[in-house]
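Me: I would like to go through this structure in short questions. Please keep each answer brief.

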Amino acid sequence: MSATAGQAQGERGLAERLGLKPGQVVQEIGWDEDVDDELRDSIEDLTGNELLDEESDDVVDVVLMWWRDGDGDLFDALSDAMRALADGGQIWLLTPKAGREGHVEPSDIGEDATTAGLSQTSSISAAPDWSGTRLVTPKGKR
């Protein structure tokens with residue numbers, strides 16, 4: 001395997017860890033210069049689609065939300081993000097890891113997600129500086 005193929009496999013692995021699949025439409029919310037470009041590129045490579053920006057009105061399979069402490073009201077942001085989701089869609093809430101500027105306490109995520117009508121299903125290390133929390137609408141509410 002060439003270094004390029006190995007690199008591509010590693011990048012694709014980032015998106016695969018999020019459970020993304022080819023053909024899915026992903027909307028990105030909260031982009032700023034601190035986001036992880038490797039993760040963004042891996043999502044586009046795996047899905048075969050460019051990330052839609054937060055101004056898009058398209059229905060999407062996944063919302064990728066970069067969120068930092070101080071970005072505003074998380075409940076409001078999650079509620080807004082849910083409007084774009086297709087049935088069975090998911091939100092990946094990406095927050096800076098503990099000890100990094102903008103870290104969001106997991107208890108705050110859980111509280112705001114529950115209030116917005118979302119269930120937290122898993123958490124992962126999404127990138128070197130970012131943790132990911134998968135949020136879905138409970139089956140009874142779909």
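Me: Is Asp80 buried, partly exposed or exposed?
Reply: This is a predicted model, in which local features need pLDDT of at least 70 and side-chain atom pairs count only at pLDDT 80 or more, while totals for chains, interfaces and linings use all residues. Residues are numbered from 1 along each chain as its sequence is written, and side-chain values use heavy atoms, with hydrogens and water left out. Buried means under 20% relative accessible area and exposed over 50%, with partly exposed in between (1.4 Å probe, protein chains only). At 44% relative accessibility, Asp80 is partly exposed.

Me: Which residue forms a salt bridge with Asp80?
Reply: A salt bridge needs a side-chain nitrogen of Lys or Arg within 4 Å of a carboxyl oxygen of Asp or Glu. For Asp80 the closest N and O atoms of the pair are 2.6 Å apart. The partner has 66% relative accessibility and counts as exposed; the partner of Asp80 is Arg83.

Me: Which residue meets Arg100 in a salt bridge?
Reply: The N to O distance is 2.7 Å. Arg100 lies in the loop between E3 and H4 and its partner in the loop between strand E4 (119-127) and strand E5 (130-136), so the pair ties together parts that are 29 residues apart in sequence. Helices (H or I, at least four residues) and strands (E, at least two) are DSSP runs numbered from the N terminus.

Me: What is the distance between the closest N and O atoms of Asp71 and Arg68?
Reply: Asp71 is partly exposed, with 37% relative accessibility, whereas Arg68 is buried at 10%. The two form a salt bridge, and their closest N and O atoms are apart by 3.0 Å.

Me: How far from Lys97 is the nearest side chain of opposite charge?
Reply: Lys97 sits in the loop between strand E3 (85-96) and helix H4 (106-115). Lys and Arg count as positive and Asp and Glu as negative, with His and the chain ends not counted. Lys97 is buried yet has no salt bridge. The nearest side chain of opposite charge is that of Asp129, at 6.7 Å.

Me: Which side chain makes a polar contact with the side chain of Lys97?
Reply: Contact means heavy atoms within 4.5 Å, and leaving aside neighbours within four places in sequence, Lys97 is in contact with residues including His103, Ala127 and Trp130. A polar contact is a pair of N or O atoms within 3.5 Å; within protein, one must be able to donate a hydrogen and the other to accept it, and residues adjacent in sequence count only if both atoms are side-chain atoms. At 2.6 Å, the side chain in polar contact with Lys97 is that of Ser125.

Me: What percentage of the residues in the chain is buried?
Reply: The chain has four helices and five strands, in the order α-β-α-β-α-β-α-β-β. Among contacts with a separation of 6 or more, residues 24 or more positions apart account for 72%. Of the 142 residues in the chain, the buried share is 42%.
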